[in-house]
Amino acid sequence: MAMLSRSMKLLALATTIQALQLPRRALPSLAAGVALAPALAPSRTHAAAEWAVGALKDKAWTVSKRQESSVRIRPETMLVASDEKTDRELKVVKIPLGRAAASSFDPDDQYDLARYFASRADAEKLGPSRIARIMEGSLKKQAANPASPLQAAALDPASAAAASRGGRRYVSYAYGTDGCKRLDEDGACMRRSKRVVAAAVTVSLESQARTLEEQRRMDRGELEDRKIDTLWVVTCSAPEKGLDDAARAKLRAAADSFEVLVQDALPAAVSD
């Protein structure tokens, strides 16, 4: 079982690297013949929920979008919820690593994301601050896009922390944003918004099967059992103005109530 788990980890890393056209570095030649599946899936592989957020038990949250699972090899917003009274926002985003994430993450950053969550040795070597710096870089790319409402983000990577929930490693961090909620016809900002964000990320190992039949054929050994590393990002934010320590703690608690339910080949993700 330990050997199988290690092989699955290497397969996912190799898939990510090949999709990014990176050199395979020291990985075995498991990447041979592995390629990303087409972006659109004709049907779901399974209907089971892939994630959960305990904070949604609070009746203050109004859910405007909730997607329990997805097999599309592209970024997906899985949850959008808001608390009108406090102007809090809660979001869950799922991002398959590889070409689908290239606009947000550099190849080396994707490689480090995948290996941090796949191996305790790599996690100890890289540290949670490395993951926070990667996420900071993604935010800066977003802020540099003239069409993005995000105009600036301030994140301290040194404040990031790792934790284990349900046998899976997560990295928590926080940052502040300066954005624009409303633009005029010329693209000038008419309504600025500064917010505080509590966030957490993890990576799961998922099948690239696009249909239930494809998954069954993989299980029978008729098709190659393709795996891919998938990044999960949860954010909980609120306006900066008047936000006290108790309110900040609630943001953190909401983000830390997020859990990935996918049963992958990375048991515990904190030990090999």
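This is a predicted model: local features need pLDDT of at least 70, side-chain atom pairs count only at pLDDT 80 or more; totals for chains, interfaces and linings use all residues.

Colleague: Which residues does K94 touch?

Modeller: Leaving out residues up to four places away in sequence, K94 touches E50, S70, R74, P75, E76, M78, E206, T230, L231 and W232. There's also V203, 109 residues from K94 in sequence, with the two C-alpha atoms 9.4 Å apart in space.

Colleague: How do you know that β3 and β4 pair up?

Modeller: Pairing takes at least two bridges found by DSSP. Strands β3 (residues 76-83) and β4 (residues 88-96) are joined by seven bridges and run antiparallel. Seven meets that cut-off, so they pair.

Colleague: What makes D87 worth a look?

Modeller: D87 is in the loop between β3 and β4. The two strands form a hairpin with four residues between them. Phi of D87 is near 60 degrees, a positive value in a residue other than glycine.

Colleague: Why is D87 called partly exposed?

Modeller: The label covers values between the 20% cut-off for buried and the 50% one for exposed. D87 has a relative accessible area of 28%, so D87 is partly exposed.

Colleague: On to the inside. What makes a set of residues a nonpolar core?

Modeller: The members must be buried residues of the nonpolar kinds, such as Val, Leu, Ile, Phe or Tyr, joined through side-chain atoms within 4.5 Å. The largest such core has 28 residues, and F105, I131, Y173, V201 and L231 touch the most other members. Several elements supply at least two residues each, among them α2 (107-118), α4 (128-144), β8 (189-207) and β9 (227-239). The largest share, six residues, comes from α4. A second, separate core of 25 residues includes A198, V234, L243 and L251.

Colleague: Which residues is V201 in contact with?

Modeller: Setting aside neighbours within four places in sequence, V201 is in contact with F117, I131, M135, R169, Y170, V171, Y173, L231, W232 and V233.

Colleague: How do α2 and α4 cross?

Modeller: Their axes come within 10 Å and cross at roughly 145 degrees. α2 passes α4 in a left-handed crossing. On the α2 side, D108, D109, D112, L113, Y116 and F117 make the contact, and on the α4 side P128, R130, I131 and I134 do.

Colleague: What classes of residue make up that contact?

Modeller: It has six nonpolar, no polar and four charged residues. Asp and Arg count as charged, and D108, D109, D112 and R130 are all in the contact list.

Colleague: Last one: what share of contacts join residues at least 24 apart?

Modeller: Among contacts between residues at least 6 apart in sequence, 63% do.

Technical notes
Residues are numbered from 1 along each chain as its sequence is written. Side-chain values use heavy atoms; hydrogens and water are left out. Buried means under 20% relative accessible area, exposed over 50%, partly exposed in between (1.4 Å probe, protein chains only). Contact means heavy atoms within 4.5 Å. Axes are lines fitted to C-alpha atoms, for helices over the stretch in contact, and angles run from 0 to 180 degrees between N-to-C directions. A crossing is left-handed if the near helix is turned anticlockwise from the far one by less than a right angle, and right-handed if clockwise.
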